[in-house]
Amino acid sequence: GFIKLNGTTVGAVANRSTLYDEEGNAVEEFNAEISARGCEKAAKFVEFCDAFNIPVLTLTNAAGFKATKCSEKKMAAAAAALTYAFAEATVPKVNVVVGKAYGSAYVTMNSKGLGADVVYAWPNAKIGMMGAKLAVKVMYPEADAKELREKEAAYAELQNSVASAAKRGYVDSV
């Protein structure tokens with residue numbers, strides 16, 4: 001959708017994880033996933049903004065892609081279309097990581113590597129290749145529950161923290 005920032009029209013792209021009512025109460029929770037339909041819609045919107053020289057603000061909370069029978073048929077093409085739209089856009093592009101930003105879902109949502117001009121992150125954001133819990137299950141399949149919790153905490157600090165993302169140049173400011 002469109003918003004106004006200091007009197008300037010800006011195109012805003014976001015994936016929502018919570019639905020609120022008119023009073024601001026959370027009504028429904030969603031996974032922080034990107035759907036094929038969402039990618040298609042966002043790609044067309046970014047292209048529209050670029051055509052009319054409207055800057056784009058992206059609010060990212062993407063833990064991955066939505067895996068349903070329907071979306072799997074077109075997910076690759078839809079994600080590629082959104083990735084291409086952000087990469088080709090010549091307007092100013094700002095990304096704010098407000099939650100999770102994992103793997104290719106993060107890249108698709110206007111990452112620094114894709115050409116975002118500025119990337120900000122909330123202090124509690126998680127940025128990395130995958131969630132710590134899943135990563136340690138893959139890396140240590142024989143570990144017991146206690147060891148997995150210890151490894152998970154270490155992995156989260158080393159790989160998924162905002163500080164580590166900033167050190168690697170994925171984030172400009174926290």
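Tutor: Let's begin with a definition: a residue is buried under 20% relative accessible area, exposed over 50%, and partly exposed in between, judged with a 1.4 Å probe and protein chains only. As for where things come from, this is a predicted model in which local features need pLDDT of at least 70, side-chain atom pairs count only at pLDDT 80 or more, and totals for chains, interfaces and linings use all residues. Residues are numbered from 1 along each chain as its sequence is written, and side-chain values use heavy atoms, with hydrogens and water left out.

Student: What makes the contact between D172 and K112 a salt bridge?

Tutor: The rule asks for a side-chain nitrogen of Lys or Arg within 4 Å of a carboxyl oxygen of Asp or Glu. For D172 and K112, the N to O distance is 2.8 Å, so the pair passes. D172 belongs to the segment after α7 (162-167) and K112 to the loop between α4 and β9 (118-121), so parts 60 residues apart in sequence get tied together. D172 is partly exposed at 42%, and K112 is partly exposed at 26%.

Student: How many salt bridges does the rule give?

Tutor: The count comes to two. E150 and K146 form a salt bridge as well, with 3.8 Å between the closest N and O atoms. These two sit four residues apart in helix α6, which means about one helical turn separates them.

Student: How do you know whether K146 is buried or exposed?

Tutor: K146 has a relative accessible area of 53%, so by the cut-off it is exposed. E150, with 48%, is partly exposed. From K146 to N25 the C-alpha atoms are 37 Å apart, and the two are 121 residues apart along the chain.

Student: What makes the phi of N53 worth a remark?

Tutor: Most residues other than glycine have a negative phi. N53 isn't a glycine, yet its phi is positive, about 55 degrees. N53 lies in the loop between α1 and β6 (56-62), and its 60% relative accessibility makes it exposed. N110, also not a glycine, has a positive phi near 70 degrees. N110 is in the loop between α4 and β9, but with a relative accessible area of 1%, N110 is buried.

Student: What makes L134, V138, M139 and Y140 a nonpolar surface patch?

Tutor: A patch takes residues with over 30% relative accessible area and no salt bridge; like charges are joined within 9 Å, and nonpolar side chains (Val, Leu, Ile, Met, Phe, Trp, Tyr) within 5 Å. L134, V138, M139 and Y140 make one of about 380 Å², with areas taken from the Shrake-Rupley method and a 1.4 Å probe, counting only the protein chains shown as cover for residues. L134 is in helix α5, residues 132-139.

Student: How do you know how much space lies in the largest pocket?

Tutor: On a 1 Å grid over the protein atoms alone, a pocket is an open set of points where a 1.4 Å probe fits, with protein on both sides within 12 Å along at least five of seven lines; lining residues have an atom within 4 Å of a point. Grid points are joined across faces, edges and corners, and the volume is the space filled by probe spheres set on them. For the largest pocket that gives about 780 Å³. Its lining has 20 residues, with A14, N15, R16, G38 and K41 nearest the centre. Helix α1 gives the largest share of that lining, six residues.

Student: Which elements each supply at least two residues of the lining of the largest pocket?

Tutor: Those are β2 (8-14), β5 (33-34) and α1 (36-51).

Student: And the second largest pocket?

Tutor: That one holds about 210 Å³. It is lined by 15 residues, and Y106, V107, G128, M129 and Y170 are the closest to its centre. Two or more lining residues come from each of α4 (103-108), β10 (126-128) and α6 (145-159), and α4 has the largest share with four.
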